[in-house]
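Reader: I am new to this structure. Please take me through one part of it, slowly enough to follow.

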Amino acid sequence: TFNARQAYHLIRLRASANAHFSMRRFALQLAEALRAVHPALYAYLPTPDLTWRDLDAQHFAGVYGARGA
């Protein structure tokens, strides 16, 4: 468990462009889930315009592109 301050810090740090793909994915999923549960509290959370679905599409395009998802 963690509080809102810790959530803000974790998401801001791990959703940045230079973070590892798997951590970025987790942080973006966490931000999306928190916004769904507490939209007013997390409305001002600074995250990239990229969603975790976009990140998956970019990362796995070369892996599944030849076979089709």
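Is Tyr-8 buried, partly exposed or exposed, and at what relative accessibility? Please look closely at that residue and its surroundings.

Author: Tyr-8 counts as partly exposed, because its relative accessibility is 24%. The cut-offs are these: buried means under 20% relative accessible area, exposed over 50%, and partly exposed in between, with a 1.4 Å probe and protein chains only.

A word on the source. This is a predicted model, where local features need pLDDT of at least 70, side-chain atom pairs count only at pLDDT 80 or more, and totals for chains, interfaces and linings use all residues. Residues are numbered from 1 along each chain as its sequence is written, and side-chain values use heavy atoms, with hydrogens and water left out.

Now the partner. The structure holds 1 aromatic pair. The rings of Tyr-8 and Tyr-42 have centres 5.5 Å apart and planes at 25°, so the pair is stacked. Rings of Phe, Tyr and Trp (its six-membered ring) pair if their centres lie within 6.5 Å; planes under 30 degrees apart count as stacked, over 60 as edge-to-face and the rest as tilted. Tyr-8 sits in helix α1 (residues 4-14), Tyr-42 in the loop between α2 and α3 (52-64), so the pair ties together parts 34 residues apart in sequence. Tyr-42 counts as buried, at 5% relative accessibility.

Step back to the chain. The protein chain has 3 helices and 0 strands. Helices (H or I, at least four residues) and strands (E, at least two) are DSSP runs, numbered from the N terminus. Buried residues make up 25% of the 69 residues.

α2 has 17 residues and reaches 25 Å from its first C-alpha to its last, close to the 24 Å expected at 1.5 Å a residue. That expected span is 1.5 Å times one less than the number of residues. Its buried residues are Phe-21, Arg-24, Ala-27, Leu-28, Leu-30, Ala-31 and Leu-34. Arg-24 has a relative accessible area of 12%. Arg-24 touches residues including Arg-14, Leu-50 and Leu-55; contact means heavy atoms within 4.5 Å.

Last, confidence. pLDDT is the predictor's confidence in each residue, from 0 to 100. The chain averages 79, and 84% of the residues score at least 70. Confidence is highest in α1, at a mean of 89, and lowest in α3, at 71.

Note on methods
Lists of a residue's contacts leave out its neighbours within four places in sequence.
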